[in-house]
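Let's take a walk through this protein together. Have the picture open and follow along.

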Amino acid sequence: MQRKANAGVFLTIFTPTFNRADLLKHLHESLVAQNHDGFEWLIVDDGSTDGTTDLVKQWQNDPPFPIRYVRQDNSGKHVAHNLGAQMAHGTYFMCVDSDDWLEPFAVSTIARDVQGLTAEQSLIYPKYFTTQKKEDLVWFPSGVKVVELADIRMKYGLPIETAIVFNTQVLSKHPFPMVEGEHFISEGSAYYDFTYPEVFVVHPDAFYRCEYQDEGLTKNVWKNWLRNPTGTKMTLGKRYTRAKTYKGKNAFEERLSALLGIESLNMALGLSPFDGLPTRSVMAVVALPLAAYLTRNRYGK
């Protein structure tokens with residue numbers, strides 16, 4: 001799909017949504033409150049039936065910034081993300097989920113920080129929860145300026161949430177894989193593919209607010225794994241393979257975690273051991289008893 005330039009728009013704020021009309025109102029309010037107007041809001045509706053279409057049409061009648069709305073058949077967030085990256089007008093692209101919102105200085109901060117980036121570079125910031133104080137955020141060690149996405153866990157061992165501002169052209173080179181019949185795939189399935197010089201400049205500014213919902217993807221991770229096993233094992237296999245390019249304790253733990261994830265899923269589904277595993281190593285055999293324990297805790301089986 002040919003991407004069109006849109007004068008004055010340097011950033012696409014992309015929101016995938018499914019039956020989140022009530023929550024979208026808060027995000028919309030936060031975008032109206034931005035102190036910089038060089039952005040568009042691109043909403044990809046994953047087949048909502050709750051009046052989302054009518055709500056967005058109201059906002060489009062008199063928008064303070066461009067609002068574009070696209071509907072797709074219910075296919076999953078990853079499919080919506082791929083479509084959003086194709087349709088974005090902005091040079092840069094940030095996904096803001098429908099249950100999240102931005103501080104008023106978000107866009108102006110990004111506008112400042114994109115200055116001087118190379119054509120391959122993107123930006124990374126912290127997310128923080130509504131119950132969290134900014135001063136309590138865990139972030140990269142002082143002095144870390146540029147990272148690959150896999151560095152977050154495999155090099156620094158950080159279990160953190162991040163707000164990522166992608167170079168749109170770079171993002172378009174790494175679409176999420178799509179598996180027929182499955183509606184969920186983890187972000188790592190594409191994010192492990194970003195390697196130097198496709199790096200991310202680290203900034204500490206906390207402007208992205210998040211609040212996970214009970215029915216959301218994050219809180220239902222094991223159910224989503226069980227319903228979408230092919231894509232899940234594909235992602236875990238990528239994690240294992242990527243972790244092999246790192247050294248140290250964190251990388252080892254990521255490799256082990258990937259193996260345990262695949263094997264616990266195999267056991268829950270009644271599949272043969274090592275199905276979908278990227279290795280037949282001794283580590284994989286040793287991991288089987290722990291995978292059985294995890295299967296009971298994750299899936300009750």
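Over which residues does pLDDT stay under 50? That happens over residues 1–5, for which the model has ten contacts beyond four places in sequence. Here pLDDT is the predictor's confidence in each residue, from 0 to 100, and contact means heavy atoms within 4.5 Å. The chain as a whole averages a pLDDT of 93, and 95% of the residues score at least 70.

Some ground rules: this is a predicted model, where local features need pLDDT of at least 70 and side-chain atom pairs count only at pLDDT 80 or more, while totals for chains, interfaces and linings use all residues. Residues are numbered from 1 along each chain as its sequence is written, and side-chain values use heavy atoms, leaving out hydrogens and water.

Now for the inside. A nonpolar core is a set of buried Ala, Val, Leu, Ile, Met, Phe, Trp, Tyr and Cys residues joined through side-chain atoms within 4.5 Å. Buried means under 20% relative accessible area, exposed means over 50%, and partly exposed is in between (1.4 Å probe, protein chains only). The largest core has 34 residues, and Leu 11, Ile 13, Trp 41, Met 94, Leu 102 and Ile 110 touch the most other members. Apart from it lies another core of 31 residues, among them Leu 42, Ile 124, Val 144 and Val 147. Back to Leu 102: setting aside neighbours within four places in sequence, its contacts include Ile 13, Met 94 and Phe 207.

Next, the rings. Rings of Phe, Tyr and Trp (its six-membered ring) pair if their centres lie within 6.5 Å; planes under 30 degrees apart count as stacked, over 60 as edge-to-face and the rest as tilted. The structure holds 14 aromatic pairs. Trp 139 and Phe 140 have ring centres 4.9 Å apart and planes at 75°, so this pair is edge-to-face. Phe 140 also pairs with Tyr 156: the centres are 5.6 Å apart and the planes at 90°, so that pair is edge-to-face. Phe 140 is buried, with a relative accessible area of 8%, whereas Tyr 156 is partly exposed at 23%. Elsewhere, ring pairs link Phe 166, Phe 176, Tyr 191, Phe 194 and Phe 200 into a cluster.

Last stop: Asn 228. Is Asn 228 buried or exposed? Asn 228 is buried, because its relative accessible area is 5%. The Asn 228 side chain reaches the backbone oxygen of Asn 224 at 2.8 Å. Beyond its neighbours within four places in sequence, Asn 228 is in contact with Glu 182, His 183 and Phe 184.

Technical notes: A polar contact is a pair of N or O atoms within 3.5 Å; within protein, one must be able to donate a hydrogen and the other to accept it, and residues adjacent in sequence count only if both atoms are side-chain atoms.
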